[in-house]
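Hi there,

Here is the structure I promised to pass on to you. Have a look at it first, and then read my notes below.

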Amino acid sequence: MTKTVALVLGSGGARGMAHIGVIEEIEARGYKVVSVSGCSIGAIVGAFYSANKLDVFTQWARSLNYLNMLRLVDFSFISNGAIRGDKLFSVLSEMLGDIQIEDLEIPYTAVATDLISSKEVWFQRGSLEQAMRASAAIPGLIQPIEYEGRLYVDGGVLNPLPIAASVSAHADYIIAVDLSADVPIPEIKDPQPEVSDTKSIAEPPAADSLDNEQVQAQLADADSNLADDVQDQDQDQNQDKSAVSDITGKLTSKLKHIAPDTAVPNLWLNTMVNKASDWFNHDDAEDDKAVKAEVSGAKLGKIGILYQMFEVMQTSLSQYKIAGYPPDLLVKIPKNCVEMHEFYRANELVEMGRYIAKEALDAFEQGHSSLYGQRLG
């Protein structure tokens, strides 16, 4: 008899691409998913899976490169979020279509936080697009969502791993995927072969391989390129969407965590934020402005510090949720495998998710726990 699974997909930025690999491994073993609950990126991946469109989302995610990702970032320094999120969710909405949650084949729950009432909210009816968008509005980073008289932000503020929402499914197993686990990055033994398109999705060079002049030159080029991209946004939008394809890049034998103090993308992003801050703080000394542009282990930048605080909070809250509603299997994704914005590394993350899920399910089916899979039920 086919075993049923209630799937819980946690929050964690770009690490959520690993959810795809976990789902693929669960299905490959013949389990039937009868319920999906998710938070933030988990709500987004879960939405596409419940709508039977995960393959479309996966193709799009695999096609992302660094520049394409920047084109989806609509900075807004005069609103209550650094990023509006309109461009990103417009693309996701076009892929997903106008779907109501109650019409899905798989019961779905997206968890968000209502700032007005300070309560956790479960979206189980209504617009699927609005549900996943409300669940993924990271406070201070992505603009909150006003919907039906409420103001919603990321569900991770109160519940980054919504296990309780899956209990009512009465499945044989509850499998929860924690994206904030304190486990080492796995070594992938059999990476997929390199293809000719690898260069199109290669990540930017690490800053530790560049001297200061080269870094500054890249920052200047990034500023110029972004300005050109904004001007050509309308012309490029249709072209970007039509470029979705099955591009599979080179999978490294081991995911390399890019720390904030060695990442050119982080340096550029934080410089952009700091420049915007200077517009509103003209009394800053010149030497203070120079310090703001630096990114090191102790100086993560405004966005880096904000998100790091959010990460610490989510990790702590996840432990409480696991203790209160222990799943049958907790799949552990390393919290330091990639930075929160590195969605262009989807190929590596999907492969890592599949590898970890295989290791976790092998042990689970044999009746014990493993490094990446904790048997709790």
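Strand S8 is mostly covered, with four of its five residues buried. Buried here means under 20% relative accessible area, exposed means over 50%, and partly exposed lies in between (1.4 Å probe, protein chains only). Helices (H or I, at least four residues) and strands (E, at least two) are DSSP runs, numbered from the N terminus.

Before going further, the background: this is a predicted model, in which local features need pLDDT of at least 70 and side-chain atom pairs count only at pLDDT 80 or more, while totals for chains, interfaces and linings use all residues. Residues are numbered from 1 along each chain as its sequence is written, and side-chain values use heavy atoms, with hydrogens and water left out.

Back to S8 and its partners. Two strands count as paired if DSSP finds at least two bridges between them. S8 runs antiparallel to strand S4 (residues 108-114), joined to it by three bridges, and Asp114 is the residue that stands opposite Tyr152 of S8. S7 also pairs with S8 in the antiparallel sense, again over three bridges. There, Ile145 stands opposite Tyr152.

S7 and S8 form a hairpin with two residues between them. Glu148 is found in that loop, between S7 (145-147) and S8 (150-154), and has a positive phi of about 55° although it is not a glycine. Most residues other than glycine have a negative phi. Glu148 counts as exposed because its relative accessibility is 66%.

With a relative accessible area of 70%, His170 is exposed.

Helix H2 (residues 41-50) is mostly covered too: 10 of its 10 residues are buried. Among them are Ile41, Val45, Phe48 and Tyr49. Just after H2, Asn52 takes a positive phi of about 60°.

One last item, on the cysteines. How many disulfides does the structure hold? It holds zero, taking a disulfide as a pair of cysteine sulfur atoms within 2.5 Å. Cys39 counts as buried because its relative accessibility is 0%, and Cys337 is buried with a relative accessible area of 0%.

Best wishes
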